[in-house]
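Here's a quick tour for anyone meeting this structure for the first time. Have a look at it below, then read on.

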Amino acid sequence: MAKFVASYSGGKDSILSIYRAICQGMEPIALIITYNIDKKRSWFHGIPEKVLDSVSKSLNIPIWLIKTSGKEYTYNFEKILKVAKDKGADFCVFGDIDIEGHLDWCSERCENAGIKAYFPLWKEDRKSIVYEFIESGFKANLTVIDTSRMDEKYLGKVLTKELAEDMQKEGVDICGENGEYHTFVSEGPLFKSKVEFSFGKKLISDNHVVLPIFEI
């Protein structure tokens, strides 16, 4: 049985790629997530460590934090991949869909660490991916919005087919692959129980509005 670690973000594409890998008979060793040592939250999706602990417990999969600054981001990512290889991982699973720069970066990290990169969602239709995620029973809330790309009104809402269709009608990429929005997944077929969390006060940073996640 092939063993893997996964580059986990907390978002929908990440979770769906992990779900697919498991359904294909692969065994997860751990999920790895980059953690901003300055902000005390995960990079990009802004999830605090205690909420990540709850995710790990519900998934029954260890989560390894890559605690790093931006300057050492690449080095520390490769470092943990080498640890994964030593622990028996054959692959690192990524949730990227069709951005070539992401493919190249992830593949290079894995090559340098002596591990294979696997992209279960690569080049698939974005709408189909969103629908599969929802139909599989996962639940995600929109926690980050790039207001230069889409309306702030979607912040905090649960990702449904209706919501996705509304976004698409407004010209927003339905999958948010270009950073239009980020999500946090709190329940679904991989989770033993719902991950409990609360939202903090909305934050604004340049073009982004963020709904911070906290433990309950």
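## Helices α5 and α6

Helix α5 crosses α6 in a right-handed way, right-handed meaning that the near helix is turned clockwise from the far one by less than a right angle, with anticlockwise being left-handed. On the α5 side, the contact involves Lys 127, Val 130, Tyr 131, Ile 134 and Glu 135, and on the α6 side Lys 161, Ala 164, Glu 165 and Gln 168; contact here means heavy atoms within 4.5 Å. Sorted by class, this contact of α5 with α6 has four nonpolar, one polar and four charged residues. Nonpolar covers Ala, Val, Leu, Ile, Met, Phe, Trp, Tyr, Cys and Pro, charged covers Asp, Glu, Lys and Arg, and the others, Gly among them, are polar.

Two packed helices are described by the angle between their axes and the distance between the axes. Helix α5 spans residues 126-135 and α6 spans 161-169; their axes come within 10 Å and cross at roughly 160°. That makes α5 roughly antiparallel to α6 (under 35 degrees is roughly parallel, over 145 roughly antiparallel, 65 to 115 roughly perpendicular and the rest oblique). The axes are lines fitted to C-alpha atoms, for helices over the stretch in contact, with angles from 0 to 180 degrees between N-to-C directions. Helices (H or I, at least four residues) and strands (E, at least two) are DSSP runs, numbered from the N terminus.

## What this model is

This is a predicted model, where local features need pLDDT of at least 70 and side-chain atom pairs count only at pLDDT 80 or more, while totals for chains, interfaces and linings use all residues. Residues are numbered from 1 along each chain as its sequence is written, and side-chain values use heavy atoms, leaving out hydrogens and water.

## Helix α1 meets α5

Helix α5 also packs with α1 (residues 12-23), at an angle of about 70° and with the axes 10 Å apart. The two, α1 and α5, are therefore roughly perpendicular to each other. From α1, Lys 12, Asp 13, Leu 16 and Arg 20 meet Ile 129, Glu 132 and Phe 133 of α5. By class, the contact of α1 with α5 has three nonpolar, no polar and four charged residues.

## Aromatic rings

How many aromatic pairs does the structure hold? There are 13 aromatic pairs, counting rings of Phe, Tyr and Trp (its six-membered ring) with centres within 6.5 Å; planes under 30 degrees apart are stacked, over 60 edge-to-face and the rest tilted. Trp 43 and Tyr 73 have ring centres 5.6 Å apart and planes at 85°, so the pair is edge-to-face. This pair links distant parts of the chain, 30 residues apart: Trp 43 is in the loop between β3 (41-42) and α2 (49-59), and Tyr 73 is in helix α3 (residues 73-86). Trp 43 is partly exposed at 21% relative accessibility, whereas Tyr 73 is buried at 16% (buried is under 20% relative accessible area, exposed over 50%, partly exposed in between, using a 1.4 Å probe and protein chains only).

Phe 133 and Phe 138 make a stacked pair, 5.2 Å centre to centre with 15° between the planes. Phe 133 is buried at 1%, and Phe 138 is buried at 5%. Ring pairs also link a cluster that includes Trp 43, Phe 44, Tyr 73 and Phe 77.

## Two loop residues

Ser 69 sits in the loop between β4 (63-68) and α3, and is buried at 17% relative accessibility. Leaving aside neighbours within four places in sequence, Ser 69 is in contact with Ile 37 and Trp 43.

His 45 lies in the loop between β3 and α2, and is buried at 11% relative accessibility. Neighbours within four places in sequence aside, His 45 is in contact with Ser 9, Gly 10, Gly 11, His 182 and Thr 183.
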